[in-house]
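Please examine the sequence and the structure shown here. The paragraphs that follow are meant to be read beside them.

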Amino acid sequence: MTTRGVLYVHSAPRAMCPHVEWAVAAVLGVRVQLDWIRQPASPGTWRAEFSWKGEVGTASKLASALRGWQMLRFDVTAEPCPTAEGERYSATPELGIFHAVTGMHGDILIPEDRLRAALARSAQGETDLEAEIAKLLGKPWDDELEPFRYAGEGAPVRWLHQVV
């Protein structure tokens, strides 16, 4: 079964850009050339967006290939398909990688055992429940990446509007 997704490289130093392309190409098995543009949120860095199509699990492979590269910020998404939920990976140098399962409308689906563990840590006084839920939803990653997600002039943009 195949799915589609998008790799958003929010910021990468210029010298790292070819390495990102090579890593993506190695995962997808095809030559990849990204359209790099300057990242105004971090002078001296570049951003790119790449739509991909591949087997279920490709988002995980892309995130793994790019994981741990200092000074690289990215999101990888995969759409749900008949055999799998969607996925979202977000990564920053400071926070590392975040993974969430997403439903057909893009909502983050939090597994029951992760919610129970958050409740238990909160009940034992180890942490604040609100902070735990924020981590489960990826809020620290969203907070750090949001300035980078806003595109500079001339960048391809997909504006998402919050529905309440």
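Cysteine 17 is buried, with a relative accessible area of 2%; buried means under 20% relative accessible area, exposed over 50% and partly exposed in between, with a 1.4 Å probe and protein chains only. Cysteine 81, at 15%, is buried as well. A disulfide is a covalent bond between the sulfur atoms of two cysteines. The structure holds zero disulfides, a disulfide being counted as a pair of cysteine sulfur atoms within 2.5 Å.

The model is predicted: local features need pLDDT of at least 70, side-chain atom pairs count only at pLDDT 80 or more, and totals for chains, interfaces and linings use all residues. Residues are numbered from 1 along each chain as its sequence is written, and side-chain values use heavy atoms, with hydrogens and water left out.

Strands here are DSSP runs of E with at least two residues, helices are runs of H or I with at least four, and both are numbered from the N terminus. Two strands pair if DSSP finds at least two bridges between them. Strands β1 and β3 pair in the antiparallel sense over 10 bridges, and arginine 4 stands opposite lysine 53 in β3.

In soluble globular proteins, nonpolar side chains tend to be buried together. The largest nonpolar core in this model has 25 residues, of which Val20, Trp36, Leu72, Phe74 and Val76 touch the most other members. Such a core is a set of buried Ala, Val, Leu, Ile, Met, Phe, Trp, Tyr and Cys residues joined through side-chain atoms within 4.5 Å. The elements that give two or more residues to this core include α1 (17-28), β4 (73-78) and β5 (86-92), and the largest share, five residues, comes from α1.

Leaving aside neighbours within four places in sequence, valine 76 is in contact (heavy atoms within 4.5 Å) with residues including Val6, Trp52, Leu62 and Glu87. Glutamate 87 lies in strand β5 and is buried, with a relative accessible area of 16%. The side chains of glutamate 87 and tyrosine 89 are joined by a polar contact of 2.8 Å, that is, a pair of N or O atoms within 3.5 Å; within protein, one must be able to donate a hydrogen and the other to accept it, and residues adjacent in sequence count only if both atoms are side-chain atoms.
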